[in-house]
Amino acid sequence: MTSYDPEIIKELESQRPKIPVGLLSRQEKDRLLERGFLGLYRWYVAKSQASRNWNPDKDFDWRKFRKDHSPEMNTILEGFFAVEQYVPDYVTKLLQVIRKSHGRSHFHIRWGSEEEKHADLWFNSVLFSEYRSPKWLDEYMGQLRGQEWHLPWDDPMHMIFYTVFQERATQVNYLNTAVIARGQSTNPTYANDADPVLVQVCAKIAADEAAHYNFFLEGARLFLYYYPAESLQAMSDIIRHFAMPAGNVIPNYDVFSEVVYKAGIYGPREHSKDVVQKALENLGVSGRKALEAGIKRSRLVPDENGNLRETATFDGIDFPAIEQKVRRIYRVIEGHEKEVGFADIDPTIFVPNY
Ligand SMILES: [Fe+2]
Ligand SMILES: [Fe+2]
């Protein structure tokens, strides 16, 4: 029997590369991703039910919603209503792609139930603003639902990165609308749009979008950690071709996007600084240049069995930080699994990718 000196083991451990060298098989990585998503999903649902279980009808004093908002603010409310109206498509289309994954598909249904509340929250805002008649609203909804939203990408990896950027963009939209609703906009068009009910609406919905963003961020990190080269490519594709959901199927979307741009809610500046830069930073990538450079340097090299292995030096991409964050979420999952008892029978265990 061989005995190992703990000091030598420590020394060897410290010399192991801190970037992924692709020693795990794809099958094993897919299994780890699946387990990670299941753990994430279970933890998310417990937290979501305990902290964000609000109701779009009863948690707001709708009779007090202002009925004299500026026409521009009404255009914004109608635009948000329209975007959230495609929730049946947002749920069903991606569900078809990820249906085999327990964690990811069940999360998606839960996510859909939260997005469904957003659609009703904006419905109530438009209805109680009384800017339009209930008949108009009914017809507009029919017009919207006459169109179908289609997936911008049809594979699970691209879609995890798409949802990261999309959820963050949605959150930024609602946070900046809250600034107007608090009466803090410097834009004179919105000088008379302060509305305490709208402040509450924006706060509730922005908190949900933040939770969605965080979930997708954790999921995206798992992909990035186990499949770095492919993930960087997917991320780059998303950034290059990103468009807000349903923008191409909503009638008069251009009018809405011009209004939100002029209102300082969302435009190229917010997109680049508050969405792309922020998400890249959260994912351990120091910027778009680093992302493109990382893609160029990463190569997929076949191993002795013909499997593609990743060899890469990713300057500007902080893998130790990514691993630290992945380990952190595994500790969170572990806490949930210990509490419930999963940990005694079948715990989710972190496996390093080097
Ligand atoms: Fe939403
Ligand atoms: Fe969302």
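Helix H2 (residues 26-51) has 26 residues and should span 38 Å at 1.5 Å a residue; its end C-alpha atoms lie 37 Å apart, which agrees. The expected span is 1.5 Å times one less than the number of residues, and helices (H or I, at least four residues) and strands (E, at least two) are DSSP runs numbered from the N terminus. The model is a predicted one, in which local features need pLDDT of at least 70 and side-chain atom pairs count only at pLDDT 80 or more, while totals for chains, interfaces and linings use all residues. Residues are numbered from 1 along each chain as its sequence is written, and chains are lettered from A and ligands numbered from 1 in the order in which they are written.

The protein contains 14 helices and 2 strands. Of its 354 residues, 38% are buried; a residue is buried if 20 or more other C-beta atoms lie within 10 Å of its own, exposed if 12 or fewer, and partly exposed in between, with C-beta atoms placed from the backbone. Among contacts with a separation of 6 or more, 80% join residues 24 or more positions apart, a contact being a pair whose C-beta atoms, placed from the backbone, lie within 7 Å.

**Helix H2 and its partners**

The buried residues of H2 are Leu33, Arg35, Gly36, Phe37, Gly39, Leu40, Tyr41, Arg42, Trp43 and Tyr44. These buried residues pack against H5, H8 and helix H13 (319-340).

Three helix pairs are set out below. Axes are lines fitted to C-alpha atoms, for helices over the stretch in contact, and angles run from 0 to 180 degrees between N-to-C directions.

| Helix pair | Axis distance | Angle |
|---|---|---|
| H2 and H5 | within 7 Å | roughly 30° |
| H4 and H5 | within 9 Å | roughly 175° |
| H8 and H13 | 10 Å | about 125° |

Angles under 35 degrees count as roughly parallel, over 145 as roughly antiparallel, 65 to 115 as roughly perpendicular and the rest as oblique. H2 and H5 are therefore roughly parallel to each other. H2 passes H5 in a left-handed crossing. On the H2 side the contact is made by Glu34, Phe37, Leu38, Leu40, Tyr41, Tyr44, Val45 and Ser48, and on the H5 side by His102, Gly103, Arg104, His106, Phe107 and Arg110. By class, the contact of H2 with H5 has 7 nonpolar, 4 polar and 3 charged residues. In this scheme Ala, Val, Leu, Ile, Met, Phe, Trp, Tyr, Cys and Pro count as nonpolar, Asp, Glu, Lys and Arg as charged, and the others, Gly among them, as polar. A crossing is left-handed if the near helix is turned anticlockwise from the far one by less than a right angle, and right-handed if clockwise.

**Helices H4 and H5**

Helix H4 (residues 87-98) also packs against helix H5 (residues 102-129), and the two are therefore roughly antiparallel. Val87, Tyr90, Val91, Leu94, Leu95 and Ile98 of H4 meet Arg104, Ser105, His108, Ile109, Gly112, Glu115, Glu116 and Ala119 of H5. The residues of this contact divide into 8 nonpolar, 3 polar and 3 charged.

**Helix H8**

H8 and H13 are oblique to each other, and H8 passes H13 in a left-handed crossing. Glu218, Arg221, Leu222, Leu224 and Tyr225 of H8 make the contact with Ile322, Glu323, Lys325, Val326 and Ile329 of H13. This contact of H8 with H13 has 6 nonpolar, no polar and 4 charged residues.

Glutamate 209 lies in helix H8 (residues 196-226) and counts as buried, because it has 23 C-beta neighbours inside 10 Å. Leaving aside neighbours within four places in sequence, glutamate 209 is in contact with Glu167, Thr170, Gln171 and Tyr174. Alanine 210, also placed in H8, counts as partly exposed with 17 such neighbours inside 10 Å. Between alanine 210 and glutamine 171 there are 39 residues of sequence separation and 6.2 Å from C-alpha to C-alpha.

**Positive phi values**

Most residues other than glycine have a negative phi. Glutamate 130 has a positive phi near 55°; glutamate 130 lies in the loop between H5 and helix H6 (134-145) and is partly exposed, with 14 other C-beta atoms within 10 Å. Asparagine 252 has a positive phi near 60°; asparagine 252 is in the loop between helix H9 (228-241) and helix H10 (253-262) and counts as exposed, with 12 C-beta neighbours inside 10 Å.

Conventions: Two residues are in contact if their C-beta atoms, placed from the backbone, lie within 7 Å.
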